[in-house]
Amino acid sequence: MKHHILFDFDGTLVDSAPVLLACFSRALKAHGVQAMAPIDASLIGPPLRQTLATLSGSSDAALLDALSATFKDVYDSEACLKTPPYAGCQQALEQLREQGFSLAIATNKRLLPTQRIIAALGWQELFSEVYASDSYPDRYTDKAGMIAALLVDGGIAAQSAIYIGDTVADGRAAAANGVEFWPVAWGYGQFASHELQLLAPQQWLERLVRA
């Protein structure tokens, strides 16, 4: 029986792309930088600095610091609060908690905006842990390491956990830890539907009960 459900955040529980992409555009414009890659949903997922390097086509630390600071000023203050949940997710999360499952988040998003969105949605009591890209910078550098830290800290056996996400990278991070992966039927990644069963929120509890 799986008792611990770990979730990605952007593209899995919340539709963050419209607000994030608008903030990327504003940060680039503020510094007179032309986008070197399409500003579209394919950017959602990696850590902020990595995405800004892709967009600016630069590895210059001073420029990336400036772009990051502007993005954070715009996004963290108010913009992030406009992030909506995907249809059915809140009800599914509440049902899982009511049935005694432990819920946690492992996201490449930074901790501050993640916590602000969770609070705005009234989800604070749903998750036992929220691990973000900058929660423990000395302990991990990628999502695989993040999931590993979450499992260790929570005393969670890999075989008792599931990671739910929207990208192939999420699946690889779960697999690196021996955690079963469930892909959602929406989000910003692309899965071969003939290889994986894509799930809607109402299927999470149904599948867990059958397991």
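Let's start at one spot in a sheet: Ile162 stands opposite Glu180 in strand E5. This is a predicted model, where local features need pLDDT of at least 70, side-chain atom pairs count only at pLDDT 80 or more, and totals for chains, interfaces and linings use all residues. Residues are numbered from 1 along each chain as its sequence is written, and side-chain values use heavy atoms, with hydrogens and water left out.

Strand E4 (residues 161-165) runs parallel to E5 (residues 180-183), and four bridges join them. Strands here are DSSP runs of at least two residues (E) and helices of at least four (H or I), numbered from the N terminus; two strands pair if DSSP finds at least two bridges between them. Tyr163 has Phe181 in E5 as its bridge partner. E4 also pairs with strand E1 (residues 4-7), in the parallel sense and over four bridges, with His4 partnered by Ala161.

How buried is E4? Five of its five residues are buried, meaning under 20% relative accessible area with a 1.4 Å probe, protein chains only. Ala161, Tyr163 and Gly165 cover one side, Ile162 and Ile164 the other.

From E4, follow the chain through helix H7 (residues 168-176) to E5: together they make a right-handed β-α-β unit, that is, with the strands pointing away from the viewer, the path over the helix runs clockwise.

Now for a pair of helices. The axes of H4 (residues 89-98) and H8 (residues 201-210) come within 7 Å and cross at roughly 20 degrees. H4 and H8 are therefore roughly parallel, a label for angles under 35 degrees.

Terms used:
Axes are lines fitted to C-alpha atoms, for helices over the stretch in contact, and angles run from 0 to 180 degrees between N-to-C directions. Angles under 35 degrees count as roughly parallel, over 145 as roughly antiparallel, 65 to 115 as roughly perpendicular and the rest as oblique. Buried means under 20% relative accessible area, exposed over 50%, partly exposed in between (1.4 Å probe, protein chains only).
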